[in-house]
Amino acid sequence: TLRLICTTTAVQRKNAGASGPEKYTEAYIEKQIEEFNLGKRHLANMMGEDPETFTQEDIDRAIAYLFPSGLFDKQARPVMKHPSEIFPEQTKIQWGEDGRPFHFLFYTGKQSYYSLMHETYEKLLNVQKHQDELIAQDLPLQKEKRNLAGSRWLTKIELEEMLVEKMSDDDYSRFIQLLQKLVALPCADIEEKYIQKFAKEVPVQLQKVLIEPLQYDERGVAFSTGEGKRKTARATAVVYDNGTGKITVNGIDILHYFPVLQDREQLLFPFQFLGRIGKHDMVCTVSGGGRSAQAGAIRLASAKALRSFVTEKEVEFMRQAGLLTIDPRVKERKKPGQEGPRRKFTWKKR
Amino acid sequence: MAAPSATGLCQRLRAWLPRIMPVRWSRYNPSYLEPEVNKELYQKPLEELTEEEREQMELKAVRPIKAAPPTLSSSVFSDPMISKFTNMMMKNGNKVLARSLMSQTLEAIKRKQLEKYHKAPENEKETIECNPYIIFHQALKNCQPIIGLSNITRGGKTYQVPVPLTDNRKRFLAMKWLITECRENKHRRMMLPEKLSQELLLAFNNEGPVIKKKHVLHKMAEANRAYAHFRWW
């Protein structure tokens with residue numbers, strides 16, 4: 001019999017097209033997981049380490065050692081990770097052998113999103129019914145307010161991961177509005193468990209920062225250092241205790257270094273906020289940036305140095321006054337096709 | 001020493017850049033809150049705060065806060081309205097000149113009021129206001145229009161429809177009118193601070209061209225009352 005060896009491109013391209021991204025069967029993925037685990041043990045043996053306690057970081061180091069690559073793109077280099085991280089999470093096929101879909105909302109296109117909205121609304125109606133029952137029996141409504149400050153809702157990306165389905169910004173905001181409406185009702189405690197699926201804890205900001213202890217120089221005077229930056233200016237400040245309120249910048253007194261009143265006000269801002277104007281001496285070095293940037297950098301450096309002299313509550317007050325945040329605003333880049341970062345070229349009719 | 005905490009903060013405050021760049025954006029993540037500089041609010045004990053303030057405080061403890069801008073300070077001399085006015089007077093980014101003009105204006109107001117104070121008889125001395133900041137605030141308040149006009153096009157014709165204004169818009173219009181008035185309708189050799197102090201004193205007493213402009217706007221709005229139903233917001 002004759003066998004066609006070279007086929008035309010039209011025949012080859014018959015079934016490609018509207019099937020979307022490649023769908024992996026479950027058996028295939030399980031096989032990949034087995035292969036990965038075996039490969040991990042082989043790799044551990046090769047490197048001379050214990051196969052039982054071979055972590056992902058060890059795998060990464062071993063691969064980087066065995067397959068050194070000079071490619072710039074980190075994602076193009078050889079990688080050995082668990083298949084659940086490599087193969088994207090996909091939903092299984094949603095319809096049976098007769099072609100009928102399993103879920104009743106399949107034809108909306110976003111079945112998980114709409115089923116989630118339906119469930120949440122059902123909970124809302126439940127809460128309202130419970131409320132009506134309590135009112136009918138003349139019992140007082142529970143008014144324990146949930147602590148809203150300590151938790152935040154899931155972000156859009158996290159929700160997409162949870163549902164394994166894409167959604168638009170509008171859909172996400174509608175879902176969050178529905179959740180907020182549910183939480184705002186007085187008897188929402190019944191559905192606490194359901195709501196907690198979509199809420200995350202946010203830790204208190206202050207606990208992340210370490211405050212250094214005071215240091216003492218030869219004369220026994222306490223001092224502490226701080227670093228600050230703003231735009232391109234970098235500053236270091238050393239704040240001494242038992243001082244008269246003298247401030248020196250790069251060896252020059254501030255009255256001569258900063259002739260403008262606004263800059264001197266900024267330098268004194270942290271001291272004035274804490275009420276310690278005449279009590280500390282300061283010696284700073286600053287370089288780079290312009291007049292206002294240098295003042296901002298020194299302000300940040302002195303605020304950071306003052307943290308060691310002051311109680312924790314006052315440090316929190318300083319943070320809420322905006323004294324301890326690095327200002328991220330920098331000069332915006334010029335874009336091609338425009339004269340400046342925002343200004344466009346003059347429009348000429350012809 | 002100070003290095004680990006500084007690098008830790010830098011990593012967390014890395015530039016906030018969403019995947020698609022919108023046109024109006026800021027370098028801060030949207031979750032950052034505005035800083036509160038007023039010292040007295042922090043010295044209030046816990047019991048005196050209302051429910052809303054307590055919630056606000058708890059929210060502030062969890063969210064990051066933006067850095068205070070260079071114009072804002074906790075000293076008694078920094079006033080947000082005066083800074084706004086100085087920024088509007090500024091040309092080509094020359095803040096030094098704008099600030100000196102502002103201080104010269106306030107000085108001129110104080111001098112004129114003191115002259116009046118010393119010349120006035122005993123019983124009228126208490127009615128004369130000498131504090132230039134109070135005069136500035138009161139003058140601005142007197143210049144603020146209550147209702148504004150907006151152009152709405154219906155069926156080819158553009159109508160001037162009376163529309164309520166937000167607080168920010170009122171303040172902006174009052175300051176803008178004062179500045180344009182002083183820049184245009186003055187004698188060639190007169191200095192801006194002198195002219196501004198004159199205008200502010202007249203506005204403080206509800207006289208002067210800026211107040212007249214405000215009344216003209218109100219009258220136009222009253223005349224176009226019939227078109228008020230064109231507004232849909």
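Trainee: Which residues make the nonpolar surface patch of about 550 Å²?

Mentor: A word on the ground rules: this is a predicted model, where local features need pLDDT of at least 70, side-chain atom pairs count only at pLDDT 80 or more, and totals for chains, interfaces and linings use all residues. Residues are numbered from 1 along each chain as its sequence is written, chains are lettered from A and ligands numbered from 1 in the order in which they are written, and side-chain values use heavy atoms, with hydrogens and water left out. Patches take residues with over 30% relative accessible area and no salt bridge, joining like charges within 9 Å and nonpolar side chains (Val, Leu, Ile, Met, Phe, Trp, Tyr) within 5 Å; areas are by the Shrake-Rupley method with a 1.4 Å probe, and for residues only the protein chains shown count as cover. The patch is made by Met46(A), Met47(A), Tyr65(A), Leu66(A) and Phe67(A).

Trainee: Which elements give two or more residues to that nonpolar patch?

Mentor: Helices here are DSSP runs of H or I with at least four residues, strands are runs of E with at least two, and both are numbered from the N terminus. Met46(A), for instance, has its place in helix α2 of chain A. The elements you ask about are α2 (26-47) and α3 (56-66) of chain A.

Trainee: Is Met46(A) buried or exposed?

Mentor: Buried means under 20% relative accessible area, exposed over 50%, and partly exposed in between (1.4 Å probe, protein chains only). Met46(A) has a relative accessible area of 60%, so it counts as exposed.

Trainee: Into which domains is chain A divided, and how many Å separate the centres of domain 2 and domain 3?

Mentor: The bounds come from an automatic or database domain assignment. They give domain 1 (26-86), domain 2 (106-201) and domain 3 (215-321). Taken over C-alpha atoms, the centres of domain 2 and domain 3 of chain A are separated by 48 Å.

Trainee: What is the strand order in the open sheet of six strands in chain A?

Mentor: Two strands pair if DSSP finds at least two bridges between them. Strands β5(A) and β8 (residues 281-287) of chain A, for example, pair in the antiparallel sense over seven bridges, and Ala237(A) stands opposite Cys284(A) in β8(A). The sheet has mixed pairing, and its order is β3-β4-β5-β8-β6-β7. Its edge strands, each pairing on one side only, are β3 (215-216) and β7 (252-253) of chain A.

Trainee: Where is Lys231(A), which has a positive phi of about 55 degrees although it is not a glycine?

Mentor: Most residues other than glycine have a negative phi. Lys231(A) counts as partly exposed, at 49% relative accessibility. Its place is the loop between β4 (222-230) and β5 (233-240) of chain A.

Trainee: What about Asn242(A): what is its phi?

Mentor: Asn242(A) is found in the loop between β5 and β6 (247-249) of chain A. With a relative accessible area of 69%, Asn242(A) is exposed. Although Asn242(A) is not a glycine, its phi is positive, at about 50 degrees.

Trainee: How many salt bridges are found over all chains?

Mentor: A salt bridge is a side-chain nitrogen of Lys or Arg within 4 Å of a carboxyl oxygen of Asp or Glu. A search of the whole structure finds 23.

Trainee: Which parts does the salt bridge between Asp169(A) and Lys156(A) tie together?

Mentor: The side chains of Asp169(A) and Lys156(A) meet at 3.4 Å, N to O. Because Asp169(A) lies in α7 (residues 169-184) and Lys156(A) in α6 (residues 156-163), the pair ties together parts that are 13 residues apart in sequence. Asp169(A) is exposed at 56%, while Lys156(A) is partly exposed at 22%. The parts tied together are helices α7 and α6 of chain A.

Trainee: Turning to chain B, how many bridges join strand β1 to strand β2?

Mentor: The two strands, β1 (residues 147-154) and β2 (residues 157-164) of chain B, run antiparallel. They form a hairpin with two residues between them, and Gly155(B) in the turn has a positive phi of about 60 degrees. Ser150(B) stands opposite Val161(B) in β2(B). The number of bridges is eight.
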